[in-house]
Every structure is written in structure tokens, then in C-alpha cells.
Amino acid sequence: MSLAGPLFPVLMKHTLFRQALVVLLPFGIPFPTGAAELPLPSKIGFNRDVRPILSDNCFSCHGNDPAHRKAKLRLDRREDALDREAFVPGDPAASLLVERILSTDADELMPPPDSHKKLTERDKEILKRWIAQGGEYQPHWSYGKPVKAAVPAGRNGVDFLVRKRLEEVGLNPSEEADRRTLIRRLHTDLVGLPPKPSEVTAFVNDPDPEAWSKLVDRVLRNPHHGERMALGWLDVVRYADTIGYHSDTPRNVWPWRDWVIRSFNDNKRFDRFTIEQVAGDLLADASQESRVGSGFNRLLLSTEEGGAQARDYEQRMLTDRVRAIGAAWLGQTTGCAQCHDHKFDPFTQRDFYALGAFFADISEPIVGRREDGMVVAAPAQLAQLAKLDAELNKAKAGFEAIRLQLEAAQTQWEADVALYGVTLPELRPGAAAVAAEVQRAKKAAASLAKEAKARTRAEQEAVRDYFLARGTVLFQAERDALSKAQQERDAFYNPLPKCLVSVSSAQKRTVRILPRGNWMDESGEVMKPGLPAYLPRPVVEDRELNRLDLARWLVSAENPLTARTVMNRLWKQFFGIGLSKVLDDLGAQGETPPNQALLDWLACEFMDSGWDLRHMVRLIVTSETYRQVSIPTKEQLALDPYNREVARQSPFRLEAELVRDQALATAGLLVPEIGGPSVKPYQPDGYWENLNFPTRTYDADKGAGQYRRGLYTWWQRSFLHPSLLAFDAPSREECSAERSRSNIPQQALVLLNDPTYVEAARAFAARILSECRGDSTARLRWAWQEALQREPEPGELATLLPVVEQRLAGYRADLPAAEALLKVGLAPTAPEVDRAELAAWTHVARILFNLHEMITRA
Amino acid sequence: MHSGFTHFHRRAFLARSTQGLGAAALSSLLNPRHTVAAPLDGVLSALPLPQKARRVIWLSMAGGPSHLETFDPKPKLAEMDGKPMPESLTKGQQLAQLQGRPLTCFGPQHPFTKFGQSQIEICSLFPHLGSVIDDICLIRSMTTDAINHDPAHMFMNTGSQIAGRPSMGAWITYGLGTESENLPGFVVLTSLGKGGQNQPIAARQWSSGFLPSKYQGVQLRAKGDPVLYLTNPPGVKREVQGGDVSAINALNRQREAALADPEIATRIAQYEMAFQMQASIPDLMDVSGEGAKTLELYGCQPGDGSFASNCLLARRLAERGTRFIQLYHKDWDHHGGVKEGIAMKALEIDRACMALITDLKQRGLFEDTLIVWAGEFGRTPMSQGNGRDHHNKAMSVWMAGAGLRGGMVHGATDDLGYAAVDKVTTVHDLHATMLHQLGVEHNAFSFKFQGLDARLTGVEGARVIREILI
């Protein structure tokens, strides 16, 4: 059989190819060929076939980075390669490149053995054939403007371009999945919560030919849609509640998370969404909303460690920000250019620091506590705060007028205390003072015992506090006014939401190119803000660029990367893998998408629509491609094991947050409130024992906060909540475009034993017993509908019916065990329910919550 | 590629484990010694080098132990006590809290003694270590790149100061798999010191980074569940838990037939593994079967959460086939009171380290277990009050076991202990040497991440320290 070359870019790495064999053998499918026998494409494509080989094996010494370039040869540009006579177009036999890769002399062989890089026979054949065909280059696929393929009027572009590819590679699309699967898939992908059984029934029985389209519209209007869409963005910009380094202490950022949710719910255009994040504070129409958006620039890691050097961390923060722009918008790996020019892509060290210089204006402590941030509140509250601030300032001014006199009085008082050896009244034997007063006096006495000049700031304050409280009656009215104004202002200010935001300072930090990334080296050139030189960019000469220029460039029509990067990630949300499978690298070491026409079309459509993300979501989920079944045929597994061509849908495990959401929603415990401060679900005692400065205890939420969606969980970077961690939620210490989907024993332990899931099972059991009054079979059928929105199979009923009986008998014989189980979690249980029965059905609920199907989107 | 390898392991695992799965019954689930799921295999099916070490026990002394009060005698520094530090040494150098302050020599706060046949001189506070010094290879010329705790730990564990890289334990289990049937391949234990300078340690220190999550370190805790969520809910007995797991697997198996999704078979295997861990881990943690002599050797009480107890657990893990065992002992951050601080630390670790070596030897495990003792950086010969600041130009580490020369000193610092000057070694060298002893060629052991062949030993080049190998 013939395997068309273009179908198998993924299989060129023979290790991956062998793994396909491993998968297929258990299914008994004969596999026709080994890797070396993969037929070569008759026409070699540079981007598809050659660039991956050159990039992986040659560019690190013969590429973009001059510092590491060997023999003055670069192979990433044709004219340079020909200049050095690397090959003779059309004549492989006369080409040095071919001679060197075929050499049997270890000193001659390329790549050299000590590089531990090795070309396969197939790689060598491709290079030979490519030279024979003229050795033409193509510009890197993602650095040129995307080209929009023509799509016939009335056709869905996704379907048209997927089908076109399928025809080329000889695959047929799959049939549409059943409606129950479809509505569950749609709810998971767009909302992250399961549909109600009634919604499933209504959709299954809807005769309207537009039923799917109507459903999509309805689900897109669901206010929880924004929460679902936010998950990926929060990962890619590394949103978290704590600073990350060392003490990993809290900071105020949750209003920014709510801004993200709101932006998705309001379908804020992606260009505006971008601009507000990078430069929302610099907009002419900057508002509270856009300023909160600019909190993006503050999401990086920071430290409060004593002994941390400001210049060291200034450097860390700059590099962190450059990596974030690269990851979130450009799909470029930039980190290596901190020390040297990128080896594979044309991104230079100069580009790196020029990009970093855009952020030199952001006011922030480099080392130490973050500030409270901007108050995020309604206009009336802000007005009230302004009024209280004004009153406080007035009181301070009034106090200022008398400050010198008070200080003089204090000096005199201290002198008297010292001269007469006064014991403060509270410390005299038999003094009638309360503990706090004694404490204050003790502190003051200890401080007074030291020379005034030798006192620490805290000691100075102790003396002054005591003096003002007890040592003088001067200006009591003014002092009372100040203290009252301060208290009133604080009482109002403290509970108001606050958010770290970007505040631009005229005093910009100096940014230098750091040789080898060394922050101690100040010999490098000072850099002004600048856009990467290898990408199309506007020429501005009459002024210095700022963050607003950067933001606008990211979402300009000239930028070839942003729309592709965002569409590639969006595709993964709906199909489980990107069109280019390396989400964070659209550069040379990434993957030329097998269906580049589709990714480019999506990128163009996205920009043409005015960066309308919801339009793109709708386009994808209304496609026939999206609605296919996810069960592979043998032919599909053989020809396209990783489903890169989308001749079917793919099943994949839910994100960590959604695993939790499914259980809480099914149990009826979910509190569906949107936004607000992060919450603390149950967590094993002592999990934070390795945190310090200060040591911390974890106070789990007691009320509604216990039952919120997973994305509101307190995101402690150094110790992320362990049940989220078990399901691959990232710690968000670095930007991550891709979450892995592991399948590990800890996941079983979480779903079986975490009190969150035990409590949810108990609550679901109570629902089963109270909302379904039939026999055990009827109750199992009801539970199946609630949890999985389908009828149980006879075999499934047969498996669980005996479990119900056994558990019931067991708990009837051991009521204390039932009581113990039912005490897990804070949610009350109805006292009138039979304890043994409730405990027995808790096991049924628990078994359902642990099913693979429960945590898998089909 | 990233996701590709994830598939590889999962499916390789599946291909092997499916044979045993169909017949798995409650009886086998209930027997912790009976293995259904196969141990984890590594990607390196054939090792390029002879394997001297089959496992590693890494003793992380968190906070940065002073080499000047442990393993690096400096009589010259004692002579210079109180005098200004020669500027030629310190000019333009990276310092932490002492940056920009006057720099004064601070003599060693404890005497040193020669031990063993090799007559190696170490601080007198460590007589038990001294008694096994002929089994130890002491490196006095270690250096590191980082100077603050958090980045320095990251560098020591992952070879990079940027978060998101795999820890060495993850690299090693990824490469070699584990020999344990029902325990994690990479285990972490932590203990606190009594001095109160317990630096925070983030879970990223044992993260699998960009490697598949199953290679992440599993922390065994002294209090509460030894592994998070290990214990059944209250009122649920082991038989009942086993019954639920059987029912879950039976239901999953019925779907598997219809859906042809290989993830389901993996899920089934993982539930079996989880259920086994619920028995095997308490069994591991229960040291009541250890004789009084053993407890006395280590100097610990069962369940006291001490470093000594963790050393005993490390030996039990080594016996059971865990590949990488990492112990953190905190409280080495002696900015002040280095004299009293080190004396306290010595009491906490000296006997236990000796016991670990002795116990492994008497059980025949010493020859193929590599022990590494290291902080994240050293400390300044200059005073900071009566303590010492962080320092990355010099530190002492020691290694023992698996093919290492005993009773030898490698490298040296200058007369004042400021900088390594002879046979200077780096963290990358240390990693390369460890991998070498495990049978792994460090330059060829990589994983594609963000377009790079990422390695534990970094991109700047690392060297196996051959001089210390037998």
C-alpha cells in the first residue's frame, strides 16, 4: 500500500513511527511498513521535508547564531550556503554537503558524532533528492503573511479545507456522532459543565434542521462560557495568586482573572483584548477596565528574598516578560536569546533586549512586597474613598502643624523619664492595666532603655506610640481627628478589591544587552524599545516606541504570527492537538502544519472578522468536522494514528478544573457564582509545611467558597492544590501553552479519597435517593442520566446492582462506618435519610465519579 | 516531541500491561505483594555505559551549608580573622546580602580533625562521618551559578535557573524507569532543623517539568497521609475500597470494548496501581519491624519525622527498588550564629549519614547505590555578624557508593576558602558524573523542548569527573 508522503510528517521521526506499531499491534492490525521504507515524496518541499532536518541537525552550528557558527557556514539561507559552496544545485554527487553526511570518516562526518545528532537514511535521501531537484529554499512558513485559500460560497471553510486534505491523503471523513455525545462535547468545550438531562433530551428530540446551530448559539450565551475560555489563557500568561519565588507570598490579581472571564463573555475583540493587557494604561481612553487588563504585565514571578540583588531580579523580570510575549502571542521560543542569538530562528539577542526594553517603564518594586495595586470598585465607592482620603489628608495636615511641638514635648518627656528613672505606670506593681496596655508599656520601656540614636524604627515607634497615648495630653483633639480619619479610611479601603496594574513611570530602567545573559556585566549596549527585526514592522523614527506600539503591532495585519498562534491553540481546545502540534513554537524547530492552508485560512478569517474570537469558535463547532464521531476505524488508526488529518474527532481527558466541576455540578453542590477572590477547597493538612517567611496554615473555605468552580482555586505557585496538580494543572511559574494529559495513579487516589469527591458522592447519593423514588434499578438509571446523560447498558446495571446490595448490607451491620463516611465534608445531610442507604449509594455515586467516561470528553 | 513521548510511554506501558489486566480480580488487588501493573520502564532500553549505580540517594542540605565549618579546613582564614578580606579576591563579585558592605574575614568557628586511614580533615563536629570517611569522596571545589536559595535549588535540581525544567529525579526515572513494583520511582522526603532557619522549598524542585507528569517526584510525608490522598475515606475498609475499584474497572472495561480508546486500559491499570500503593506505602513507612539496633544506629524514633528517620526510609526505599530518593534537610541558612547553627545541624545529620552508609554496606546495597550530599551553595569566608552570607564560588559536596573512590579529596579552594581554584567543578559536572555512574551518556540523554535538545547537564558543556571514579 502507498503512504502518501505529506500525510506523515509526524512519522519522519522513526521513534514515533515505532510507537505507532506499539499502539496498533494490540488491535491486531497488520502494519505494512517500517520507517526506513516510508516512500519519499517525489517532489521535495523545503519547509515540509528539508527544513526540519537542517534545523534539528545543522542549524545549531550552521544557523542564525554567529557566536556558535562553525566554518563560517550557514545553511539557513540559500545564498550563504551557496557562497560557501555547501552544495551544487542539481548535482548531489558534486555537493560537499552530501559528501559530508555520507562520510564514513568520523572526522569528516556531519553532523559530528560527538553532537549525538544522527541523520536517518531517509533524511539523507531527502537531502540528496532536494539538491538534485535544485536545492530551492522556501521562506519559513510562519514568517510570511498567511494566504487565505478560496472557499466556495456557502461552505464552511474548516470543512472545505479539511476535506480537501483528506482527499489528497486518501482518507474519508467520519459520520456525525450521536446527539447525546454532541451536546456533551459542546458543553464541555464551551462551558466546561455537563448539560442537564432535560437539555440532552430536548436536543436529541429537536426535529429542527437548525437544531445544532440553535444549540451552539444558546451555549455561547451561557455566562459560564467565559470561564471555560479563560482556562487556556490563564495558563499561557501564567496567572497565579502568589509571587512564585522563595516565600511565594500572596499578591492582588484576581480582578485581572475576572477581567479575562468578562472579556470572553463579552466577546471583546482579540485586538482590544491584547492591547488592554500590554498597554491598557497607556490608551487615550484608558479606563478602570483597560487598566485592570494591563495587570497582565504584573503576572510574572517576583521575590521577597532577603539578599536578592535588584539587578539580578530586574534581569529575571525582563526575560520573564519577553518569554511571555513570545509564548502568548508570537508562538516563538525566545528564552535562549537572553544569552545568545537564537540558533534556529532569526530572533537575535538584540531583538530580545529590545523587546524587553518596552517594559522598562513599569513601576514596581524589583525585590520586595508588591504594592496593594489599583482599587477596583464602582464609581460611587471610588468617590467615597476619595472623600475619605481627602479627610485623612486634612487631618494629617492639621497634625503636621503641631508635629514639631509634639516632638519637642516627647524629647522633654523622654529626658524626664531618664532623669528621674521613672517606671511607666502600667509596669508598676499592682497597676490596674489591661494586657495590651502592659505590653505597649513594656515595649516602650525596653526601647527607652536604649540611646535614642541607637533605636530601630520599630523601637522609635514604640516610644512614640506610648508617648502619644499616655505621656501627653497636648493636642488631643487633633490627634483624635487623625486617628479617626485613618480608621474610617482603612475600614473602607481594606475590603475593596485591588489589582496590580501597569503604571508607567517616566524614570525608565536602563536596559542593556547582557553578554551571555550575565547581569553583572555592564559592558553591553543600551537598548531602546524595538520590534523583532526579522518580522514585518512599522518604521518609526521620530520618537521612541512604547508598549502601546508593541501591543498594536502584535495585533496588526502585518504580524504573521499572532493570528496563527491563537488559532492553533484554539484548534487544540476543540480537537485535542494543534494544527501545528508544537503550540509554543511556530519557528524552525516547531512543525510545519500538515494542513497549513487550514491554519492560514483560520488566521486570515480571524483577522478579517475584526479579531472576533466567538465568530471563530462558532465556525469551528458548527463544522461537520467538529461533529464527527471520535471512535477511530482501523483504517484511520493505520493511516493517521494521531488524528492529524481530523478524519474523526478525538477523545481526551478533561482539564483538572473541569474534573472537579463535573463532580460538583452532578452532585448539586456547585455554587455557580462568577468571579471574586480565589477560594480554598479542602486540602490535606501540612501540604504547605515547606512554605516559609512566613509559615502558613491553609484555612479551607467554610461556606459557598468550598463549592466554586476549579478555576477559582487559590493558585499557590510553589504548592499548587494537589488535586489540580494530579490532573496536570500547571503551576504557572512559566507560560505554558500546552498542558500534558497524563494518566497516573495519583488521579485515582484523588477521585477516590479527596474529601471534595467523597462529599460530592455523598451529596449526589442524597439526590439519587430523594429525587428518584423507584427501586435500585430505577435509581441507577436515574443516576446514569444525571452523571453521564445516557441509559446504562445491561452489563453496567448488572455490575452495580450487587454493589448496592453488598454496601447496604455492610452498612446495616456497621452503622458507625456509615456515619463516619457521611461526615466527610461540610455539606449537611438530611437527618431523615436512612444512614446505611445513603452510605451505600454514596459508593454508587463515587464509582460513577471515578469512571473514565466521567472525566473524558468524547 | 513532547506529546509524542507521552504517548510512547503510555502505550508501551499499555502494550505490556494488557496481558495481565483482563484477569485481575479482587483477590490480586487485595494482595499488595502481588503485582498486576508492570513497573515503569525507562526510554533507555539499552544503557550506553556500564551501570555502576542502580539508584541514587541525594541528601539536599537546604539553606547552603558553610564549607568552612564542615569539610574545608582553612587555617589561613583563622589567622586572618577580623582583618579585611583582600580586595583582589572579592572585587566585582556577586554577593547576596553583603553586596556593598565592608568585607571582613571570619575564621572557622570549629576545629577540624583528621579521620580514617586517609587522614582527611573535616570539622570535629562530624565524628560519625569521620568514622566512614574512607568510604567518602569529598569534593571541595564545587561551584554553582546561583546565589539565592530558590534559583540555586532549581539549578542544583534541574541544571537551570528557570522554572519548568525537569528535576534530576524525573530525568533519571524517565531514562531508566524504576525497579519498584508498587512504589513511585522518584520519592522526596523533607525534614526540618531545630534552628528555625527553614528555607521554603517549592514543589517545582521535584517537578517533572516538560517530561510526562508520571515522572514527577512523590513526596512522602511524616505526618498525615504519607502520600496525599492515600488513605480511604473514614468508614471505608480496604475490602470495600477494593470492591469499588473492581467495580470501576469492570465498568471501564465494558466501555473500552466499545470505544477502542487505549487510555481506558491505562486508566484501569492506574487504578490497580493506586490500590496497591494504598497497601505498599504504609508497609514501607512502618518501621516497627526494624530492630532496636537499627534504630539505634540511625538514632531515630519511628515516626519522628527527623532526618535520621528519613535516612532509614531511604534505605527501605532503596531495598524496594525506588530509583531516585531525595532527602531535604533544612535550616542550613546561617547568616547569623553559624557556630551554634552548625553544631545543631551536626547533631541532626552526622550519625544518620554514617548510619545510612553503614546500613547500605551491611545489606550489600552500597556498591550500587550512589549517595550525594550537597547544599545549594556554600558560604562566604567573610563575616555577616557572626554568620556567613550565601556564596557560589566555593562549596563542598561529597559522594559515596557506586563506583566512587572512597577516602579521597577532589579539588581545593584558595587559602581563605573564597573560591574553588584547583580542579574546579560545576553542578553540571556533578550531574554528568551521576548520570555516568547510572550508565547514561549525559550528552546523548536529551528531550526535545521548545526546539532544543534539552539536557539535565545544560548547553554549556559538562564533564564527567573521572578522577573520582574507580
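At what angle do the axes of helix α29 (residues 755–771) of chain A and helix α33 (residues 835–849) of chain A cross? In this predicted model, the two axes cross at roughly 115° and come within 7 Å. The crossing in which α29(A) passes α33(A) is right-handed. On the α29(A) side, the contact is formed by Y757(A), V758(A), A760(A), A761(A), R762(A), F764(A), A765(A), A766(A), I768(A) and L769(A). These residues meet E837(A), L838(A), W841(A), T842(A), V844(A), A845(A), R846(A) and F849(A) of α33(A). Sorted by class, the contact of α29(A) with α33(A) comprises 14 nonpolar residues, one polar residue and three charged residues.

Backbone geometry was examined next. M110(A) and P111(A) are joined by a cis peptide bond, with omega at about -10°. P111(A) belongs to the loop between α5 (96–102) and α6 (121–132) of chain A. A cis peptide bond also links F693(A) to P694(A), where omega is about -5°; P694(A) is placed in the loop between α26 (656–667) and α27 (722–726) of chain A.

Positive phi values were found at non-glycine positions. F475(A), which is not a glycine, has a phi of about 50° and is located in the loop between α19 (457–471) and α20 (476–493) of chain A. F475(A) counts as partly exposed because it has 19 C-beta neighbours inside 10 Å, whereas a buried residue requires 20 or more. For W611(A), phi is near 60°, and the residue lies in the loop between α23 (596–608) and α24 (613–621) of chain A. With 20 other C-beta atoms within 10 Å, W611(A) is therefore buried.

How values were computed. Residues numbered from 1 in each chain as written. Chains lettered and ligands numbered in written order. Predicted model: local features only at pLDDT ≥ 70, side-chain atom pairs only at ≥ 80, totals over all residues. Axes fitted to C-alpha atoms, helices over the stretch in contact; angles between N-to-C directions. Helix = DSSP H or I, 4+ residues; strand = E, 2+ residues; numbered from the N terminus. Left-handed = near helix turned anticlockwise from the far one by under 90°. Contact = placed C-beta atoms within 7 Å. Nonpolar A, V, L, I, M, F, W, Y, C, P; charged D, E, K, R; others polar. Buried ≥ 20, exposed ≤ 12 C-beta atoms within 10 Å, placed from the backbone.
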